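Here is a short report on one structure.

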Amino acid sequence: MMMNNYAGKRIMEGYFFMSSYKSEEMVQKKIEETQLLCLKNGILLTAAGIEHNPPGHKDIDRESIRQLMKDMESGQYDVLVLRSLRDICSDEADWENFINLLGEYGVFIYSIEQGVIVFNNYEEGC
């Protein structure tokens, strides 16, 4: 859902998802830092989902990812902002399916770690 900010610049509405065991104060600080970084890149963060999950437990079928997908399916967000792609899952096939499904919803993924929009490029190497 592209929209204008007060300066007339086109920005995208974003949702920040993070898996972390950090304290509430540290999580809030990370959200604020991410909001500023995203705004510089034309993304207005309007929501955040924080998952308190053990680092080794990255099954794509966990409840926090199900809720995230419901939020993305709503059509309210243009961009899913991730600190790390590993906050979603560590399995490559699951990751590819995740990206494809978000693409069907019209949602891009912005990776803070890599500083890029992430997508599947099936034409690569052809």
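## Nonpolar cores

The largest nonpolar core has 20 residues. A nonpolar core is a set of buried Ala, Val, Leu, Ile, Met, Phe, Trp, Tyr and Cys residues joined through side-chain atoms within 4.5 Å. Buried means under 20% relative accessible area, exposed over 50%, partly exposed in between (1.4 Å probe, protein chains only). Leu68, Leu80, Ile88, Trp95 and Phe98 have the most contacts inside this core. Two or more residues each come from strand E2 (10-19), helix H2 (63-73), strand E4 (79-82) and helix H3 (92-105). Helices (H or I, at least four residues) and strands (E, at least two) are DSSP runs, numbered from the N terminus. Another core, of 11 residues, lies apart from it; Phe16, Met18, Ile31 and Val81 are among its members.

Trp95 touches Leu82, Leu85, Ile88, Cys89, Ile109 and Val118 (heavy atoms within 4.5 Å), not counting residues up to four places away in sequence.

## Basis of the model

This is a predicted model: local features need pLDDT of at least 70, side-chain atom pairs count only at pLDDT 80 or more, and totals for chains, interfaces and linings use all residues. Residues are numbered from 1 along each chain as its sequence is written, and side-chain values use heavy atoms, with hydrogens and water left out.

## Strands E2 and E3

E2 and E3 pair in the parallel sense over 8 bridges. Pairing requires at least two DSSP bridges between two strands. Tyr15 stands opposite Ala47 in E3.

## Glu51

Glu51 sits in strand E3 (residues 43-51). Glu51 is buried, at 7% relative accessible area. Its contacts include Arg62, Ser64 and Asp87.
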